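This report describes how the parts of one protein chain are arranged. Look at the sequence and the structure together while reading.

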Amino acid sequence: MESFTEDRSKALLAKEWLVKVDSQTSTPYFFKFSCSSVDLTACILITDTKTAWAEVLTSNQFARRWRMCNKLCISPLPDPDEEESWRDRHLTLLGRAHSLGGFLELTLDLAKPTLGDLALELECNDWKWRWEPTFLGPKVSAEIISKHLIMPLISVNHLAFSSSDVLGDLAPGDLEKATDKVGRTARRTVDTHIRNALSKPRVATTLRRMTAMFNFLPELPAIITDAGTPDLRAPTADKFPSPKITTRDSEHKPHDYDMEPLQEPMPPKMPQEEDSATESESGGAAPKQRTLLASPTPSYQLRVSGQPPSASLSKDASPALPGRSRSQTEAPASESDSSLVRPNKKLKHSEGSDNDDSEEERKRRAAAIKSGAAAKRVTRQPLKRGGKRF
């Protein structure tokens, strides 16, 4: 079996569509047939307006199938000239059957395919024939249906609506002239022809109503002859004013974190050191150290009470401790203050702290100044701590 080529498709362009309906499935099938007396080949194109099938038979295939369908001897005639004459006569008979007048005398039955994708049996009074075409694929099927059926129907529809005369009453010669005129215009500019054929309100609305009627829609659209021109201007701001933002909407709403009260920072807990050797020496300084750690930082006191740090410290100041014990107790207090918020300015020592120096240190400093010797920094000895108790 030969393939269905573009040349075969062009040979079918000049052939008419033949229609047969399968009585079992109520499916209409469209046929286009062509044959050649030169090489004794036959070609058929079949479609149901959705899918396309085609079959091409050579001279030997045609003769073999005819003999099988009519239960004749499969072997060809002994004389080659008689065999060729026999094939030509039966091919001509098949061509006459695939005509507008002869196709009405045939009956169509859908059979089970054995070689192709579709099997259709045609039967006349004293002979039978069988077509077994193959599927051409979705892309080729769409191209063939568009070229052989849809585009010609659009042009004929345009001719029927644009002609001032009724096409059914025209003579064959006049109808040919009108058809040729529309066809010449259409093939020059196909896109413009399709637009003019389907853009007219009468044609478009008639096609719309026929589509609705054919698909059982309950409400059928009306047919109009003048579509008019709608207003396509964009809406302006005068017709649709933009929403105005009021002062109440633009006010800042307080958040939850704005309403939360200030919380006093918790001072870090210092590890408790138990030293039996220093308990007796710094017994009076331990209570002072706890009060310094528990009290809030100077910056926090300034923010809460509104008083300067010096005033708050002067009120809370306790009697100064002498020399060595005083320096030991102030060291952890300064470390705790540095871990929290430090004040902007360093606090000056109060006047009472100068009087805390011992008389011996004053004399030693005065003697160093008089002698002109540089003051040497005295290193402090570390505290001797006892063993840790577990």
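Contact means that heavy atoms lie within 4.5 Å. The model described here is predicted.

## The nonpolar cores

By that rule, and leaving out residues up to four places away in sequence, Ile46 touches Tyr29, Phe30, Phe31, Thr51, Ala52, Trp53, Leu118, Leu120 and Pro133. Ile46 belongs to the largest nonpolar core, which has 26 residues. Tyr29, Phe31, Ile46, Leu94, Trp127, Trp129 and Trp131 touch the most other members of this core.

Several elements give two or more residues to the core: strands S2 (27–36), S3 (41–47) and S4 (52–57), together with H2, H3, S6 and S7. H3 gives the most, with four residues. There is also a second, separate core of twelve residues, and Leu12, Leu45, Leu136 and Ile144 are among them.

Is strand S3 mostly covered or mostly open? Seven of its seven residues are buried, so to describe S3 as mostly covered is to rely on the cut-off of under 20% relative accessible area.

S3 pairs with S2 in the antiparallel sense over seven bridges, and Lys32 stands opposite Leu45 in S3. The hairpin of S2 and S3 has four residues between the strands, and Leu40 there takes a positive phi near 55 degrees. S3 also pairs with S4 in the antiparallel sense, over six bridges. In this pair Ile44 stands opposite Glu55 in S4. The hairpin of S3 and S4 again has four residues between the strands, with Thr49 at a positive phi near 70 degrees.

## Helices H2 and H3

The axes of helix H2 (residues 59–69) and helix H3 (residues 80–97) come within 10 Å and cross at roughly 75 degrees. H2 is therefore roughly perpendicular to H3.

On the H2 side, the residues in contact are Ser59, Asn60, Phe62, Ala63, Trp66 and Arg67. They meet Glu83, Trp86, Arg87, His90, Leu91, Leu93 and Leu94 in H3. By class, this contact has seven nonpolar, three polar and three charged residues.

## The three-stranded sheet

An open sheet of three strands runs in the order S5-S6-S7, with antiparallel pairing. Strands S5 (107–111) and S7 (128–131) stand at the edges with a single partner strand each, so one side of each has no neighbour in the sheet. From one strand to the next, the twist averages 25 degrees.

S5 is joined to strand S6 (residues 119–123) by five bridges, and the two run antiparallel. Leu108 stands opposite Leu122 in S6.

Definitions and conventions
Residues numbered from 1 in each chain as written. Predicted model: local features only at pLDDT ≥ 70, side-chain atom pairs only at ≥ 80, totals over all residues. Heavy atoms only, no water. Axes fitted to C-alpha atoms, helices over the stretch in contact; angles between N-to-C directions. Parallel < 35°, antiparallel > 145°, perpendicular 65-115°, else oblique. Nonpolar A, V, L, I, M, F, W, Y, C, P; charged D, E, K, R; others polar. Pairing = 2+ DSSP bridges. Core = buried A, V, L, I, M, F, W, Y, C linked by side-chain atoms within 4.5 Å. Buried < 20%, exposed > 50% of the residue type's maximum accessible area, 1.4 Å probe, protein only.
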